[in-house]
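Me: I'd like to go through the pockets and cores of this one. Ready when you are.

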Amino acid sequence: YGVLNVPADILSDRSPSGRGVMGGTEVQVAVLGGSSAVVDQAAVIRELGASMARNGVEKAPPVKRLAGKVRRSELEPVDARLLAVGLASSNLSTIAIDPKGTFIIAGPPGSGRTSTILSLVEGFAALHPDAVRVYLGSDKSPLATRNVWHATALGPDEVSRASTFLAAAVRTVPTNTRMLVVVENIAEFLGGPVDLALQELTKACTAANHFIVFEAETSAFVGAAGVLGLAKSGRAGLALAPDQSDGSMIYKTPFPRTNRAEFPEGRALLVGKGRAEVVQVVLPDGEL
């Protein structure tokens, strides 16, 4: 007897195609229309479908798939305290996060990191219109000149001074004030005084439940020293076009088997609370 509790001598490698066992009885699976030719099968199936429709049989619901592009205005509303990130592959509904603490955006070139940042900023601004939005990065970045920031600091020296100032400010502002800090290309600020200043800013933002986002190519997040360790401590973020190894390396969360060919621009694993969910990140509707 085999795995299905069927006598092993009923079927063999000489049994014809379509031969099987059902309820202990040897059966031959019928071929609709009597011909196995693909063209004949297609014609018979079309006729069967038309016949079923004439007899009032309801059509089967379409099999939906994750869209390649999603705009924020197209998303279903979520809890007013949460920030919608995109559509989840598991149920094709809006998936959202609680925008607090550290959050990592990682991925290879062309995976959609810049548009993902803009989308998060747009969503955060809608959620908290009075929140302060700060950019820490490079003057060579297209993000630096976007009309979405209340303050910017460009280059290691400015970022170091701004981080020290903001860390002190965060500790004195009212607790109901919200802040979003985006650190683009964290690799540019590792080591030295700027790293130390960012560590203090990260600790202050995390303690006050502000939202601090770190962005870079995936390889930039190798290691756990200095501000990198603090950025990764939240175990949350978006892994765009990920490799399976990115889960343990960056987010300390196991990733499912992934194939980058199945991750077009904006497709990511949303990581949080020890889980990873395939999502299509929502595109921004426009500048703020």
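Me: Which element gives the most to the lining of the second largest pocket?
Reply: α2 does, with 3 residues. Helices (H or I, at least four residues) and strands (E, at least two) are DSSP runs numbered from the N terminus. This is a predicted model, where local features need pLDDT of at least 70, side-chain atom pairs count only at pLDDT 80 or more, and totals for chains, interfaces and linings use all residues. Residues are numbered from 1 along each chain as its sequence is written, and side-chain values use heavy atoms, without hydrogens and water.

Me: What classes make up the lining of that second largest pocket?
Reply: 9 nonpolar, 1 polar and 3 charged residues. Here Ala, Val, Leu, Ile, Met, Phe, Trp, Tyr, Cys and Pro count as nonpolar, Asp, Glu, Lys and Arg as charged, and the others, Gly among them, as polar.

Me: And by class, what has the lining of the largest pocket?
Reply: 10 nonpolar, 8 polar and 6 charged residues. The elements that each supply at least two lining residues include β4 (94–97), α5 (226–233) and β11 (267–272).

Me: Switching to cores: which residues touch the most other members of the largest nonpolar one?
Reply: L136, V181, I186, L198, L201 and F221, out of 36 residues. A nonpolar core is a set of buried (under 20% relative accessible area, 1.4 Å probe, protein chains only) Ala, Val, Leu, Ile, Met, Phe, Trp, Tyr and Cys residues joined through side-chain atoms within 4.5 Å.

Me: What does I186 touch?
Reply: Leaving out residues up to four places away in sequence, I186 touches L198, F214, E215, A216, F221, V227 and L228, with contact meaning heavy atoms within 4.5 Å.

Methods: Buried means under 20% relative accessible area, exposed over 50%, partly exposed in between (1.4 Å probe, protein chains only).
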